Number of protein chains: 2
Amino acid sequence: MSEGSGLIRGLEGVVAAETQLCDLDGLNGRLAYRGYDIADLARKATFEEVTYLLLNGELPKAAQLDTLVVGLTAAREIPREMLQVFRLAPKGTDPMRVLQATVAMLGMSDPEATDNSHAANVRKSVRLTSQFAVAICAHQLSHAANFLYMLTGERPGPAAVKAFDASLTLYAEHELNASTFTTRVITSTLSDMHSAVAGGVGALKGTLHGGAGEAVMRTLMEIGEVANVDAFTERSLAAKRRFMGMGHRVYKAGDPRAAILRGMAEEACKQSGQFKWYEMAVKLHERIAKEKGLIPNVDFYSAPLFYSLGIPVDLFTPVIAAGRIAGWCANIIEQHDDNRLIRPRADYVGPKRREFVPRDKR
Amino acid sequence: MSEGSGLIRGLEGVVAAETQLCDLDGLNGRLAYRGYDIADLARKATFEEVTYLLLNGELPKAAQLDTLVVGLTAAREIPREMLQVFRLAPKGTDPMRVLQATVAMLGMSDPEATDNSHAANVRKSVRLTSQFAVAICAHQLSHAANFLYMLTGERPGPAAVKAFDASLTLYAEHELNASTFTTRVITSTLSDMHSAVAGGVGALKGTLHGGAGEAVMRTLMEIGEVANVDAFTERSLAAKRRFMGMGHRVYKAGDPRAAILRGMAEEACKQSGQFKWYEMAVKLHERIAKEKGLIPNVDFYSAPLFYSLGIPVDLFTPVIAAGRIAGWCANIIEQHDDNRLIRPRADYVGPKRREFVPRDKR
C-alpha cells in the first residue's frame, strides 16, 4: 500500500481473531483449553476427551465420548487411493509432504468435503483426526494407544501410552500459531476444511514451528554424549547457529507445556534405558538459557520424550500434526461460524512508477 | 491473549509485510508490478516477461527471456507419479483439490524441494509455473499459447491468445491477498516453497477469493438470458444473496484490472458469437452497482472472458492459480530473504478458568 502506515513485522502482538478455544496467558506462563488448565487436561483427560472439548465446548459425558470413539473408529478405513499415494511417494520422502498430499486426496473422497456448515465441519473434524493417525502410520490398523503401537511396532506400556496421549493433548491447540493462523486465513476465503488443513500441514513443517522437535533431536544425536554438550554449545555460539526449541514469542515466563513434557521425558528416558538423551537435553537447555537467556518451548523436551517412546525422528512433526489437527479443526469451525476475509496490506518499498520499456530497448 | 487489546477483524488495514513486488494504490485504483503499470504490462508484455519481472526485479533482456523460456519448457515433463494422482482422483473432483495434491506430490520429486536459498527458490518458481499449466491440463504437452490450446482442444486465434496471456498477467500478483498471505505465513515457519504453494491453492479455492470467477459464471448461466437479469437481481436482493465478483476491500475507486478485463471480455464474447454473456455481465454489474454500491473486481469480467475463450467453468480457478503462481513464488522468495515468523494473537472470549471435572461427575 502506498497510503503508508507502520509495518508490524510477523504481526507481533496484533489481535487477528476472537476465540473461545485457547487462553494463552504469556505473561504468567499459563495455558487453558476452553477454560481448563493444560496441566489438568494432560494429566487427567484423554486426547479423545480433549478433542471433544475443543470441537464442542464441554468435556464429554460418557455417552458423548462413546459416540466420538465410534466416529473415530469408523473413519479408520482409509480409501484405497490414499494407500496409492503412500506407494507413489519416493523412498525417503518427508512424511509431512505425504501427509499434505494425503489430506488433499482425502478431500476428494470425503462425502462432505465442500459442506462448510458447522455440523458437517464437526463431523469432518472427527474423520480427519482419525485419518491423520492412520495416514501417518500408512496402514489400516487402529487408534490412540494403538497409534503408538502402529508407529513403533511394539506394544507400549501404560506409562508410555499416557505420555504419548498427554503429548497429543499438549499439542492439540495453541491459539494463532502459524499453522493454525494458516488454516484460518485459508478458511476465511470460504474454502473448505481439507484445503485449510493441507495448508496447516505445510506451515507446521517449518523448523520455526512443528519441525523444531525433529531439529532438537537431530542436534542431540549430533552431540551424542553428555560430555560433548559444553563443546557443542561453544562451537554453536561462535558460529551463531540458531538453537531450535528454545525461546517463544509469547511466553516470556516459560512455556507451561515444556515443564510437563520435561517431566514425562525424564520418566520415559529412564524407562527406555537411554537416560542420556534426557541428561543431554537438560544440560543443553541450561547452557543455552545461561548464554542466550532462552527457555525451552513445547518442542524441546518433546524430542527426547518422543525418541524414547520409539517414534522415528522423521515422524516427530507428523505426530505433532496428529495432535494439532484437533485445534486446527476447532479453529476452522470458529472461523466459518463468524467469518471475515483475512486480508492484510503490505507496505510497498520497491521502485517508483516507471515507463514500460519494449523488449528491443532493454 | 488475556492481556487484552483490540481485535482487528480480517486484519483490515494492518501492514503485515514490506514488498518490492506490487504497488496497490487502492485510493486511486492503480496497480503496478515492480513499478510498471498493470495496464502497460497486460497490453505490451507476455506472461513470461511478467514472471521474469516478478521473480528478478527487472524486465528481461532477450537472452534472459530465452533462458526463462528454456527453463519453462524443460519443466513441462511431469513425473509419472503426478499422472497417477490425476487418475486416482474420482470423476468430478474439484480440479483445485487435484492441483493442491499435485503440488504436494511435486514437492516429493523436486530435487531442490527443501533448499530454501534464494537461487533455488527462483529455479523452483520457474518449474512450478510451468508445472501448474501442465498439471491443470493433466497432459504432457506445451505451454503459453498452448496452455489455452491444451485447455480447449482448439487452436486459438491471436486475439484469444493475447487475451488469455493478459489475464495471466493481471492475475499474476496482488500484494497480500488471502492466498499470497497464506504462502507467506507458511514460509515464515521456514517451510519450503511447495508446502507454501499447496496452502495458497487451498486459499485461492474459496469463493471470496479466486473461486469468485467460477461463481460469477455459474450465476450468469443461471440467469441464462439478458432479459432475466432484472428479475434475478430483485430475487437475489430480496433473498439477501451475496453477489460474487463485486466489491473489494482495498479498491474503493474501482479495480483497474476489472476495466481491462471488461474490454477483453467484450471483444472475446463478440469473437465467440456469444455476445449475450458480456451483455448479461454488464447489465448485472450496473444493477448491483446501483442497488448495492458495489463495483466489479478482477473476478467479474474474467468470467465471461474465460467462458468465451472456451475454458471449462470448473477450470477458471485453476487458470487463475496458473497466473498467481508467479506472484506466490515471488512473495515466498521475498519472505525467505528477510524472514520473521508470522504469528499474531487472538483475543480469548471463552469460559473463564474452571476446575477439571472427572468423567463420572459430568
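Helices (H or I, at least four residues) and strands (E, at least two) are DSSP runs, numbered here from the N terminus.

## Basis of the model

The structure is a predicted model, in which local features need pLDDT of at least 70 and side-chain atom pairs count only at pLDDT 80 or more, while totals for chains, interfaces and linings use all residues. Residues are numbered from 1 along each chain as its sequence is written, chains are lettered from A and ligands numbered from 1 in the order in which they are written, and side-chain values use heavy atoms, with hydrogens and water left out.

## Fold of chain A

Chain A contains 16 helices and five strands. Its radius of gyration, taken over C-alpha atoms, is 22 Å, close to the 21 Å that the globule rule (2.2 Å times the number of residues to the power 0.38) gives for 362 residues, so chain A is as compact as a globular protein of that length. Along the principal axes, the C-alpha atoms of chain A fill a box of roughly 70 × 55 × 45 Å.

## Relation of the two chains

## A sheet in chain B

Chain B has an open sheet of three strands in the order β2-β3-β4, with antiparallel pairing; two strands pair if DSSP finds at least two bridges between them. The edge strands, each pairing on one side only, are β2 (22-25) and β4 (36-37) of chain B. Strand β3 (residues 30-33) of chain B is joined to β4(B) by two bridges, and B:Tyr33 has B:Tyr36 in β4(B) as its bridge partner.

## The largest cavity

The whole structure holds three cavities of 30 Å³ or more, a cavity being a set of points on a 1 Å grid over the protein atoms alone where a 1.4 Å probe fits but cannot get out. The largest has a volume of about 70 Å³, counted as the space filled by probe spheres set on the points.

Lining residues have an atom within 4 Å of a point; for the largest cavity they include A:Phe232, A:Arg241, A:Arg242 and A:Phe300. Both α11 (211-223) and α14 (276-292) of chain A supply at least two residues of this lining, and α11(A) gives the most, with three. By class, the lining has eight nonpolar, one polar and two charged residues.

Note on methods
1 Å grid on protein atoms, 1.4 Å probe; cavity = no way out; pocket = protein on both sides within 12 Å on 5 of 7 lines; lining within 4 Å. Nonpolar A, V, L, I, M, F, W, Y, C, P; charged D, E, K, R; others polar.
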